[in-house]
Amino acid sequence: MLKVILSVAFLAIISTAIGYQQLQATLQSPLNISESTQFEVKKGTGFNKLCQQWQAKNWVESCWRYQVIAKLDPTLTDLKAGLYELSNTSVINNIKKINQGQQISFSFTIIEGQALRDVLANIKNAPNLNNDLKLDELGKQIINEDTLLEGWLFPDTYHYQHNDTASSVLKRAAQTMQQTLSDAWQKRANNLPYNTAYEALIMASIIEKETAVASERPLIASVFVNRLNTKMRLQTDPTVIYGLGENFDGDIKYKDLRNHTPYNTYRIDGLPPTPIAMPSKEAILAAVNPPQSDYVYFVAKGDGSHQFSTTLKQHNAAVKTYISVSYTHLT
């Protein structure tokens with residue numbers, strides 16, 4: 001009898017050991033792929049169906065061992081739909097990645113100074129993004145206002161997942177811009193030549209387009225504020241270029257400066273009707289808190305920076321130095 005008991009116990013130990021070894025082998029068994037591979041888990045996909053899909057691709061030999069493990073750990077059966085990057089690590093690790101919803105992250109960037117038309121062209125071609133934008137009512141769709149969306153998208157990089165919508169990305173950009181503008185407007189300086197936060201946004205967009213040197217934004221802002229406060233016209237080329245739209249050929253001409261459009265600040269008083277680009281936070285802060293200065297003119301030096309002047313005489317001398325032609329602003 002003792003021999004029988006010992007034999008049964010020995011067989012149980014052996015079976016347990018073999019089972020443990022098989023369990024460990026299954027847990028460590030790699031997904032049979034040679035390189036990282038994208039795989040989409042469709043909505044409603046269950047554990048068994050997922051394993052069968054992988055078996056059909058010869059990524060796993062059989063499913064029954066993983067089904068046993070899933071019985072021992074039911075959390076493995078909680079699969080989240082999405083696009084995943086699978087690796088040749090263990091099958092279980094790849095399943096856990098799907099359990100945890102560790103989807104592939106994509107990104108979309110709005111660049112400082114970018115115009116709305118360029119943002120829309122880029123997001124149309126963004127990978128794995130569902131383009132649900134309604135161009136005829138974009139303002140209503142994104143910011144719940146019947147207005148042009150120009151200027152309302154904060155320049156930044158936005159991350160999204162497979163099959164997210166373009167509108168959801170732009171709504172995040174708009175919410176960030178609205179919050180940034182609201183915060184800046186609450187801390188604005190006194191005696192600004194604009195009455196609303198939207199007018200400050202328009203000014204910020206012009207500042208953004210006028211200089212590629214970030215440190216110059218405050219001085220550019222002071223020039224424009226000084227002009228508006230003294231009833232001078234802004235006379236800024238970027239607004240003229242924006243008004244020309246697709247007709248701009250890369251070379252602004254004298255006739256363009258004389259052409260009367262809502263955006264030609266050589267011909268209109270005050271600000272143009274809308275922003276002309278997506279301004280940065282720094283441009284917004286410059287617009288609402290410009291430094292005190294006597295500057296009312298500036299001219300490009302040719303290296304991206306500008307020479308600032310307080311009188312037309314000084315300005316014409318600077319123009320002669322840096323552009324080598326006689327030049328005065330239109331009035």
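These legends walk through a few close-ups of one predicted protein model. Residues are numbered from 1 along each chain as its sequence is written, and side-chain values use heavy atoms, with hydrogens and water left out. Because the model is predicted, local features need pLDDT of at least 70 and side-chain atom pairs count only at pLDDT 80 or more, while totals for chains, interfaces and linings use all residues.

**View 1. The whole protein, before we zoom in.** You'll find 13 helices and 8 strands here (DSSP runs numbered from the N terminus: H or I of at least four residues for helices, E of at least two for strands). Of the 331 residues, 43% are buried (under 20% relative accessible area, with a 1.4 Å probe and protein chains only). Take the contacts (heavy atoms within 4.5 Å) between residues at least 6 apart in sequence: 65% of them join residues at least 24 apart.

**View 2. Around Tyr194.** Who does Tyr194 touch, leaving aside neighbours within four places in sequence? Its contacts are Trp185, Glu199, Ala200, Met203, Val225, Leu271, Ala287 and Val288.

**View 3. Ser205, tucked into a helix.** Ser205 is found in helix α8 (residues 197-210). Is Ser205 buried or exposed? It counts as buried, because its relative accessible area is 0%. Not counting residues up to four places away in sequence, Ser205 touches Pro275, Ile276, Ala277 and Pro279.

**View 4. The largest cavity.** A cavity is a set of points, on a 1 Å grid over the protein atoms alone, where a 1.4 Å probe fits but cannot get out. A search of the whole structure turns up 1 cavity of 30 Å³ or more, and about 30 Å³ of space lies in the largest cavity; that volume is the space filled by probe spheres set on the points, which are joined across faces, edges and corners. Its lining (residues with an atom within 4 Å of a point) is made of Phe47, Leu50, Cys51, Trp54, Tyr66 and Ile95. Helix α2 (residues 47-56) brings the largest share, 4 residues. The lining divides into 6 nonpolar, no polar and no charged residues (Ala, Val, Leu, Ile, Met, Phe, Trp, Tyr, Cys and Pro count as nonpolar, Asp, Glu, Lys and Arg as charged, and the others, Gly among them, as polar).

Note on methods:
On a 1 Å grid over the protein atoms alone, a cavity is a set of points where a 1.4 Å probe fits but cannot get out, and a pocket is an open set with protein on both sides within 12 Å along at least five of seven lines; lining residues have an atom within 4 Å of a point. Buried means under 20% relative accessible area, exposed over 50%, partly exposed in between (1.4 Å probe, protein chains only).
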